[in-house]
Amino acid sequence: MYEKTENILKMAKESNTAVISFVCIDYIMARTVVCAAQATNTPAMVMLYPEHVAVNHTTGFENYATMVKELAKDVTVPIGLHADHDFSYESIVNTINCGFESVMIDGSMYDLDANIALTRKVVMKARESGVCVEGEIGHVGAASAADNNKADSYTKADAAEKFCRETGVNSLAVSIGNAHGEYIETPLLDMKRLEEIHAATNVSLVLHGGSGIPDNQLLAAFSKGINKFNLGTEFIGKYFDAVSDFSIENKNNPDPVKIINLATYVESRLQPYAEERMRTLCHF
Ligand SMILES: [Zn+2]
């Protein structure tokens with residue numbers, strides 16, 4: 001069933017665990033997550049990365065929101081819909097108007113005051129329609145540039161407290177040794193910093209850049225206030241591998257419409273992965 005992310009985050013907080021928010025570029029990935037959630041009886045989120053609409057054209061905002069809500073109707077487990085990193089007030093308003101009840105405004109490239117001003121403006125607007133907002137302070141950079149080792153951009157507890165108090169966000173993405181993409185070396189999360197941020201705030205904390213962080217670190221982080229965990233790179237990589245294998249296996253298949261089997265093939269390859277991640281990491 002479709003569930004507002006605000007309620008899923010609340011469930012995760014009460015269970016001292018995290019919900020996995022999977023970056024899904026299209027129907028195949030979204031359906032995989034919904035089926036895996038049902039199979040494991042675990043709440044999950046399907047997350048749109050807005051650039052995939054604007055740049056990669058893998059989907060549209062309105063049809064993505066409708067698609068996820070339609071898929072969620074077929075299962076009994078809570079399924080959330082969320083829009084990841086967006087950078088302007090105007091585009092967030094558009095995303096909300098397209099049916100998203102959960103968005104992220106990323107002002108982490110600005111200084112604290114400018115980030116607070118932008119995020120607060122988005123929260124005020126979002127509240128009019130009960131939309132849940134995720135913010136970010138400190139900056140989660142790129143794993144390929146080893147940004148996860150750059151402590152200058154880590155989230156500071158006092159700034160996090162001020163940010164949450166002045167913006168009213170529902171959740172907060174933190175930078176504690178994590179980064180987006182494929183890590184060069186195994187990352188090491190700053191757990192002490194996470195504890196300090198958790199003690200200073202009362203919102204759900206979010207960990208971006210989940211691909212490649214060892215499970216023991218993830219589970220430790222979930223016990224210290226991380227209630228949402230974004231998984232993209234690894235999941236999308238598995239999609240590519242499945243398409244490659246499908247292509248090889250069907251190279252000599254004379255059926256002119258063989259491509260029609262791609263979706264079920266990819267799903268059968270991705271679903272065990274999604275289920276394994278949910279069973280290992282989510283303890284609702
Ligand atoms: Zn992110």
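Me: Which helices and strands each supply at least two residues of the lining of the largest pocket?
Reply: Helix 3 (51-54), strand 3 (79-86), strand 8 and helix 10 (233-249) each do that. Keep in mind that this is a predicted model.

Me: What volume does the largest pocket have?
Reply: The volume of the largest pocket is about 380 Å³.

Me: And which residues are the closest to its centre?
Reply: Tyr49, Asp84, His85, His180 and Gly181 are the closest, out of 23 residues that line the largest pocket.

Me: How does that lining split by class?
Reply: The lining of the largest pocket has 12 polar, 8 nonpolar and 3 charged residues.

Me: Let's talk metal. Which residues coordinate the zinc ion, and through which atoms?
Reply: Three histidines: His85 and His180 use NE2, while His208 uses ND1, at 1.9 to 2.0 Å. Two of those names, His85 and His180, also came up for the centre of the largest pocket.

Me: What spacing do the donors follow along the chain?
Reply: The pattern for the zinc ion is H-x94-H-x27-H. His180 and His208, 28 residues apart, link distant parts of the chain. His180 is in the loop between strand 6 (171-174) and helix 8 (191-200), and His208 is in the loop between strand 7 (204-207) and helix 9 (215-222).

Me: Is His208 buried or exposed?
Reply: His208 is buried, because its relative accessible area is 1%.

Me: What about His180, what is its relative accessible area?
Reply: For His180 the value is 29%, so His180 counts as partly exposed.

Me: New topic, the second largest pocket. What is its volume, and which residues lie nearest its centre?
Reply: The second largest pocket has a volume of about 190 Å³. Its lining takes in 15 residues, and nearest the centre lie Ser108, Tyr110, Ile137, Gly138 and His139. By class, that lining has 6 polar, 5 nonpolar and 4 charged residues.

Me: How many cavities of 30 Å³ or more turn up in the whole structure?
Reply: The search finds 1 cavity of that kind. About 30 Å³ of space lies in the largest cavity.

Me: Which residues line the largest cavity?
Reply: The lining is made of Thr5, Leu9, Met45, His82, Ser102, Cys132, Glu134, Ser171 and Lys228. Helix 1 (5-14) and strand 5 (132-136) are the elements that give two or more residues to that lining. By class, the lining of the largest cavity has 3 nonpolar, 4 polar and 2 charged residues.

Me: Switching to strand 1. How many of its residues are buried?
Reply: In strand 1 (residues 19-23), 5 of its 5 residues are buried.

Me: Which side chains go which way?
Reply: Val19, Ser21 and Val23 point one way from strand 1, and Ile20 and Phe22 point the other way. As a rule, side chains in a regular strand alternate between the two faces of the sheet.

Me: Which strands does strand 1 pair with?
Reply: One is strand 8 (residues 226-231), in the parallel sense over 4 bridges. Here Ser21 stands opposite Asn230. Another is strand 2 (residues 44-48), which runs parallel to strand 1 and is joined to it by 3 bridges. On that side, Phe22 has Val46 as its bridge partner. Going from strand 1 to strand 2, the chain crosses through helix 2 (residues 27-40), and this β-α-β crossover is right-handed.

Me: Last one: how far apart are Ile92 and Met104?
Reply: C-alpha to C-alpha, Ile92 and Met104 are 8.1 Å apart in space, and they are 12 residues apart in sequence. Ile92 sits in helix 5 (residues 89-97) and counts as buried at 2% relative accessibility.

Key. Residues numbered from 1 in each chain as written. Predicted model: local features only at pLDDT ≥ 70, side-chain atom pairs only at ≥ 80, totals over all residues. Heavy atoms only, no water. Donors = N, O, S within 2.8 Å, 3.2 Å for Na, K, Ca; no water. Buried < 20%, exposed > 50% of the residue type's maximum accessible area, 1.4 Å probe, protein only. 1 Å grid on protein atoms, 1.4 Å probe; cavity = no way out; pocket = protein on both sides within 12 Å on 5 of 7 lines; lining within 4 Å. Points joined across faces, edges and corners; volume = space filled by probe spheres on them. Nonpolar A, V, L, I, M, F, W, Y, C, P; charged D, E, K, R; others polar. Pairing = 2+ DSSP bridges. Right-handed = clockwise from strand over helix to strand, strands pointing away.
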